[in-house]
Amino acid sequence: MPSLPLHLLPDTATVDDRGALHLGGLRVADVAAEFGTPVFLYDEAHLRRRCREAVDAFGHQRAVYATKAFLCTAMARLAYEEGMLLDVASGGEMHVALAAGVPADALTLHGNNKSLDELRYALREHIRYVVVDCDEELDRLEALHAEGLPVPRVVLRITPGVHAHTHEYIATGQDDSKFGFNLANGSAAAAVERARRSPAVELVGVHSHIGSNVFAVESFARAAEVMARFAAPLDLPELVLGGGLGVPYVGGEEAPTITEWGRVVLDACRSLGVTSRVSVEPGRSIVAAAAITVYTVGVVKRIPGVRTYVAVDGGMSDNPRPVLYGSGYEVVVPERVLDPRDERARLVGKHCESGDVLVFDAEVPAGLAAGDLVATPVTGAYGHSMASNYNKLTRPPVVFVRDGVARLVVRRETYDDLLRCDVD
Ligand code: LLP
């Protein structure tokens, strides 16, 4: 009868004496009743605490929130208010951050294939710096210079040849990667030379990001070391060491805290005599554990001798991570948190394919039935941001809870939203 790993829940989670889960001072079942399901519920205090932890660990304007993990105007504002800069990886992310009122000089632009239009947008807005990924982007920046656009500050993305131990789809530091200028084969040094000579850019630093959901702090220390050695003779003001800190998703997993990550990275830089400003780009470690997704059970199919399927009102359209990366999640029943979890079930969605799985083999309390609420913790990163309209499901709303107040920050899509772009 394994008990629920309560540390996976957001910081303000509490359980009342009737076994009901509360977040941000509100009973989860009440919030679900008000906003419907599925719904992403974020603990705002948790979000703010993680932003502040990153700023305390790395310094003011040295912790850059990777908006790809979760972005809406409320989140962009929150991260900025707490002292973070924002990393945007497309013109669209930049647009949302600017619409939120985040000043352009707090934004850094990423991407491995930025279009001329995206770069033009960034230069017109005077963003803080562009992280240049390849020679074609330097060509495009030179073309924009010829058009008379302002000269941007740039940081070059380097592939340091450090293999992070994570899922192959989200490992990026190894030589065999679509990202960045390769350190080992001389492309990185050649790019530095080119950028230094070019009148179209002002080279201010170098960047690396070895991958995402990395648990081994040694990998970060190793990347810091490789990058510090490369950067030292260049004498540039910025050294950006990417994001990538992992978080526990299921019982038994443990990850370093942001504070511990900061210590390892900054110690490595200090011991190598780095004098540049060292900054990082955390996404997942800021937002992942801040949210739970709450669903309603619609069907329980018990196949004797085979397995039990519990089907909910969402699925791979609001959380594609299990299907994409085989990621694991736990299941919480918000009204029965303290009940023994002595049944096993496969939590599935309502999409038209067998691969539509949210939790492959979940421990759940006995007797789940249609109408019960279930929730998956640690869905705050790469859930809402990777959500789709597959099967024309409408994307769920996002609700921030804090001090007994629930605030709708992204409304649920409507059927009309599904027709918004159809013109004929
Ligand atoms: N900086 C750069 C340049 C990145 O490419 C990324 C993530 C980050 C920072 C933030 O990394 P984080 O701290 O969130 O690990 N969809 C995948 C994750 C893809 C990460 C892409 N890049 C997932 O759901 O696991």
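**Pro160 and the basis of the model**

Pro160 is buried, at 9% relative accessible area, where buried denotes under 20% relative accessible area, exposed over 50% and partly exposed in between, computed with a 1.4 Å probe on protein chains only. Pro160 belongs to the loop between β9 (153-159) and β10 (181-182); helices (H or I, at least four residues) and strands (E, at least two) are DSSP runs, numbered from the N terminus. The C-alpha atoms of Pro160 and Glu225 are separated by 9.8 Å, although the two are 65 residues apart along the chain.

The model is predicted: local features need pLDDT of at least 70, side-chain atom pairs count only at pLDDT 80 or more, and totals for chains, interfaces and linings use all residues. Residues are numbered from 1 along each chain as its sequence is written, and side-chain values use heavy atoms, with hydrogens and water left out.

**Domains**

The domain assignment gives domain 1 (6-43 + 289-419) and domain 2 (44-287), with bounds that come from an automatic or database domain assignment. Between domain 1 and domain 2 the contact takes 29 residues from domain 1 and 27 residues from domain 2; contact means heavy atoms within 4.5 Å. The C-alpha centres of the two domains lie 31 Å apart.

**Salt bridges**

A search of the whole structure finds 29 salt bridges, each being a side-chain nitrogen of Lys or Arg within 4 Å of a carboxyl oxygen of Asp or Glu. One of them joins Glu44 and Arg407, with an N to O distance of 3.2 Å. This pair links distant parts of the chain, 363 residues apart: Glu44 is in helix α2 (residues 44-58) and Arg407 in strand β20 (residues 405-410). Glu44 is buried at 4% relative accessibility, whereas Arg407 is partly exposed at 38%. Both residues belong to a network of salt bridges that also includes Arg48, Arg52, Glu81, Glu82, Arg402 and Asp403.

Arg229 and Glu225 form a salt bridge at 3.4 Å, N to O. Both lie in helix α8 (residues 217-231), and because they are 4 residues apart, about one helical turn separates them. Residues three or four places apart in an α-helix point the same way, because the helix has 3.6 residues a turn. Arg229 is exposed at 53%, and Glu225 is partly exposed at 28%. A further salt bridge, at 2.9 Å from N to O, connects Arg395 and Glu413. Arg395 lies in the loop between β18 (373-377) and β19 (398-402) and Glu413 in the segment after β20, so the pair ties together parts 18 residues apart in sequence. Arg395 is partly exposed, at 24%, while Glu413 is buried, at 13%.

**Helix α5**

Leu119, Arg120, Ala122 and Leu123 are buried in helix α5 (residues 116-125). These residues cover an arc of only 165° around the axis, which means that they are on the same side of α5; the arc is that of the directions from the helix axis to the C-beta atoms. Asp117 and Arg124, on the other side of α5, are exposed.

The buried residues of α5 pack against α4 (91-99), β7 (107-109), β8 (129-132) and α6 (135-146). His126 follows α5 and has a positive phi, near 60°.

**Asp133**

Asp133 is located in the loop between β8 and α6. Asp133 is buried yet has no salt bridge; Arg157, the nearest side chain of opposite charge, is 4.2 Å away.

A polar atom of the Asp133 side chain lies 2.7 Å from the backbone nitrogen of Gly180. Leaving aside neighbours within four places in sequence, the contacts of Asp133 include Gly111, Asn112, Lys114, Lys178 and Phe181.

**Backbone features in loops**

The peptide bond from Thr37 to Pro38 is cis, with omega near -5°. Pro38 sits in the loop between α1 (28-35) and β4 (39-43).

Lys392 is not a glycine, yet its phi is positive, about 55°. Lys392 lies in the loop between β18 and β19 and is exposed, at 55% relative accessibility. Asp403, also not a glycine, has a positive phi of about 50°. Asp403 is found in the loop between β19 and β20 and is exposed, at 69% relative accessibility.

Methods:
Lys and Arg count as positive and Asp and Glu as negative; His and the chain ends are not counted. A polar contact is a pair of N or O atoms within 3.5 Å; within protein, one must be able to donate a hydrogen and the other to accept it, and residues adjacent in sequence count only if both atoms are side-chain atoms.
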